[in-house]
Amino acid sequence: GYPEIIMGWYSGAALLRQRLAKFETGPADRKRGLEEALAYINKSKEIAERLEPFLYWNIGIGRSSLGNVEYALADATEDPEKKKALLGAAVADKQKAIELCIKELTYMTKKGSGTSLFATVGALQYGYAQALVHLYELTGDREHLKKAGQSYDASNESYQKLSLVSRIAENCWRRAQVYDKLGDHLTASQDFECAARSYASA
């Protein structure tokens with residue numbers, strides 16, 4: 001129907017505007033493009049949550065896209081408080097996206113389908129961890145680092161279901177860096193070894 005068409009248009013416009021923003025040479029133009037993308041994707045999200053409240057996977061992917069735009073906009077923003085607010089919003093939306101997608105995937109796997117979607121969930125968990133690390137770098141709050149380590153671990157569990165060795169290696173490497181910053185050098189060393197083994201067998 002008509003609302004679905006409008007929702008699709010907003011979603012497509014957000015994606016296009018976000019991609020075009022990457023090619024902007026001036027920081028002000030890039031920031032303006034991302035702000036337009038954010039407005040479009042929020043409109044799409046509002047319609048989707050009203051029309052499809054139980055399509056958790058679709059809504060989750062939409063929330064992930066929202067988080068990605070907020071993350072990019074935070075990177076393009078110079079004001080420290082605005083940057084922190086945008087990055088905090090990105091982290092919250094990325095976390096919600098994972099929860100929604102896992103809710104749908106759990107139901108699908110019980111019915112014997114959807115296994116390949118663990119690759120997408122693993123990527124979402126990886127992106128969430130990266131956003132948490134950047135939020136730590138901005139705030140100095142070590143809780144963000146701890147959550148990042150947990151999310152890299154969760155991402156590995158998702159990738160292991162599909163034996164995605166090169167992605168497991170990348171997760172081990174990133175997690176090792178997190179635990180090194182936390183001062184847990186034993187765990188960091190084990191993760192660096194995990195990364196080396198995984199890269200060698202990839």
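User: In which helix does Ser158 lie, and is Ser158 buried or exposed?

Analyst: This is a predicted model, and Ser158 belongs to helix H6. Burial is read from relative accessible area, with under 20% counting as buried. Ser158 has a relative accessible area of 5%, so it is buried.

User: How should I read Gln125: is it buried or exposed?

Analyst: The same cut-off applies, under 20% being buried. With a relative accessible area of 6%, Gln125 is therefore buried.

User: What polar contact joins the side chains of Gln125 and Ser158, and how far is a polar atom of the Gln125 side chain from the backbone nitrogen of Ser155?

Analyst: A polar contact is read from the distance between N or O atoms, within 3.5 Å. The side chains of Gln125 and Ser158 are joined by such a contact at 2.8 Å. A polar atom of the Gln125 side chain also lies 3.4 Å from the backbone nitrogen of Ser155. Beyond four places in sequence, the residues that Gln125 touches are Ile98, Ile102, Ser151, Ala154, Ser155 and Ser158.

User: How is the packing of two helices described?

Analyst: Two packed helices are described by the angle between their axes together with the distance between those axes. For H6 and H7, the angle is about 160 degrees and the axes are 9 Å apart. Since an angle over 145 degrees counts as roughly antiparallel, H6 is roughly antiparallel to H7. The crossing of H6 and H7 is left-handed.

User: Which residues of H6 and H7 meet, and how do the residues of this contact divide into nonpolar, polar and charged?

Analyst: On the H6 side the residues include Arg142, Leu145, Tyr152, Ser155 and Tyr159, while those on the H7 side include Ile168, Asn171, Arg174, Val178 and Lys181. The residues of this contact of H6 with H7 divide into eight nonpolar, five polar and six charged.

User: At what angle do H5 and H7 pack, and how far apart are their axes?

Analyst: The angle between H5 and H7 is about 25 degrees, and their axes are 12 Å apart. An angle under 35 degrees counts as roughly parallel, and H5 is therefore roughly parallel to H7. The crossing of H5 and H7 is left-handed. Ala119, Tyr126, Gln130, Val133, Tyr136 and Glu137 are the H5 residues that meet H7, where their partners are Arg167, Glu170, Asn171, Arg174, Val178 and Lys181. The contact of H5 with H7 comprises five nonpolar, two polar and five charged residues.

User: How do the axes of helix H3 and helix H4 cross?

Analyst: The axes of H3, residues 56-76, and H4, residues 80-110, come within 7 Å and cross at roughly 160 degrees. H3 and H4 are therefore roughly antiparallel to each other, and their crossing is left-handed. Residues of the contact of H3 with H4 divide into 16 nonpolar, four polar and nine charged.

User: How far apart are Ile61 and Ala97, in sequence and in space?

Analyst: Ile61 and Ala97 are 36 residues apart in sequence and 6.2 Å apart, C-alpha to C-alpha. Ile61 is found in helix H3, and its relative accessibility of 32% makes it partly exposed. Neighbours within four places in sequence aside, Ile61 is in contact with Cys101, Thr120 and Leu124.

User: How far apart are Tyr199 and Ala169?

Analyst: Tyr199 and Ala169 lie 30 residues apart in sequence and 5.7 Å apart in space, C-alpha to C-alpha. Tyr199 lies in helix H8, residues 185-201. A relative accessible area of 40% makes Tyr199 partly exposed. Its contacts, neighbours within four places in sequence aside, are Ser166, Ala169 and Glu170.

User: What is the phi of Ser163, and where does Ser163 lie?

Analyst: Most residues other than glycine have a negative phi. Ser163 has a positive phi of about 55 degrees although it is not a glycine. Ser163 lies in the loop between helix H6 and helix H7. At 55% relative accessibility, Ser163 counts as exposed.

Terms used:
Residues are numbered from 1 along each chain as its sequence is written. This is a predicted model: local features need pLDDT of at least 70, side-chain atom pairs count only at pLDDT 80 or more; totals for chains, interfaces and linings use all residues. Side-chain values use heavy atoms; hydrogens and water are left out. Buried means under 20% relative accessible area, exposed over 50%, partly exposed in between (1.4 Å probe, protein chains only). A polar contact is a pair of N or O atoms within 3.5 Å; within protein, one must be able to donate a hydrogen and the other to accept it, and residues adjacent in sequence count only if both atoms are side-chain atoms. Contact means heavy atoms within 4.5 Å. Axes are lines fitted to C-alpha atoms, for helices over the stretch in contact, and angles run from 0 to 180 degrees between N-to-C directions. Helices (H or I, at least four residues) and strands (E, at least two) are DSSP runs, numbered from the N terminus. Angles under 35 degrees count as roughly parallel, over 145 as roughly antiparallel, 65 to 115 as roughly perpendicular and the rest as oblique. A crossing is left-handed if the near helix is turned anticlockwise from the far one by less than a right angle, and right-handed if clockwise. Ala, Val, Leu, Ile, Met, Phe, Trp, Tyr, Cys and Pro count as nonpolar, Asp, Glu, Lys and Arg as charged, and the others, Gly among them, as polar.
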